[in-house]
Amino acid sequence: MIGAAMQGLKVAALKATEGATVGAGMARAVPPLALSLVTLGVAELARAIAFYEALGLERRVRQAEGVAFFACGTVMLSLYPRHELATDAGMLAGRAGQFGGVVLACNRASRAEVDTTLIRAVAAGGRALRPAQATFWGGYAGYVADPDGHPWEIAHNPGFALGSDGRLTLPE
């Protein structure tokens, strides 16, 4: 079912980009892909939190349960239970060549930008993993794998500030 839906997205993406050039208005409607958050799937969340705090990373959004966020230069680092992260991405955990415990994330300013980014990624040769949908945390997200199988979460999180340059700012 998901495969048929994603094939439809790929066809729509190809139709939407027919005749588009780098300088075309559509090409600039959504900013270039930006890495805003790296999520690492971990076996033991408390142990992983302790490790990154010991390395001097500043933890943010401490009230979030079941996940940890850290300021990490221009990209934010997130720690999430490995099996739950694999499920969220629509992948299998623990199998070689399936899920390596890392999901790259690109945050967008709106749901429409999430949809457009997913469509473009599939049109460019990516593999749809999970269609965009409302999330339990109040946002909107979908997953796509790059041609090498690295999963990307494309998300809109109304609780996280996103600068015009695509830089994510986490609340204290």
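The following legends describe close-up views of a predicted model. Local features are reported for residues with pLDDT of at least 70 and side-chain atom pairs at pLDDT 80 or more, whereas totals for chains, interfaces and linings use all residues. Residues are numbered from 1 along each chain as its sequence is written, and side-chain values use heavy atoms, with hydrogens and water left out.

**View A. Strand β8 and its covered faces.** Strand β8 spans residues 151–156; strands (E, at least two residues) and helices (H or I, at least four residues) are DSSP runs numbered from the N terminus. Of the 6 residues in β8, 6 are buried, where buried denotes under 20% relative accessible area, exposed over 50% and partly exposed the range in between (1.4 Å probe, protein chains only). One side of the strand carries P151, E153 and A155, the other W152, I154 and H156, and all are buried.

**View B. Pairing partners of β8.** Strands are taken as paired if DSSP finds at least two bridges between them. β5 and β8 run parallel and are joined by 4 bridges, whereas β7 and β8 are antiparallel, with 6 bridges. W152 takes part on both sides: L104 has W152 as its bridge partner in β8, and V144 stands opposite W152.

**View C. The β7–β8 hairpin turn.** β7 and β8 form a hairpin with 5 residues between them. G149 lies in the loop between these strands and has a positive phi of about 90 degrees. With a relative accessible area of 25%, G149 is partly exposed. The C-alpha atoms of G149 and L129 are 9.9 Å apart, and the two residues are separated by 20 positions in sequence.

**View D. The largest nonpolar core.** A nonpolar core is a set of buried Ala, Val, Leu, Ile, Met, Phe, Trp, Tyr and Cys residues joined through side-chain atoms within 4.5 Å. The largest has 19 residues, of which F69 and L170 touch the most other members. At least two residues of this core come from each of β4 (75–81), α4 (82–88), β5 (102–107) and β7 (140–145). Apart from this core lies another, of 11 residues, including V38, A48, A68 and L79.

**View E. Contacts of F69.** Contact means heavy atoms within 4.5 Å. Leaving aside residues up to four places away in sequence, F69 touches, among others, L37, V61, A64, L77, F160 and L170. Its contacts also include E58, R59, R60 and S78.

**View F. Cysteines C72 and C106.** C72 is partly exposed at 35% relative accessibility, whereas C106 is buried at 1%. A search of the whole structure finds 0 disulfides, a disulfide being a pair of cysteine sulfur atoms within 2.5 Å.
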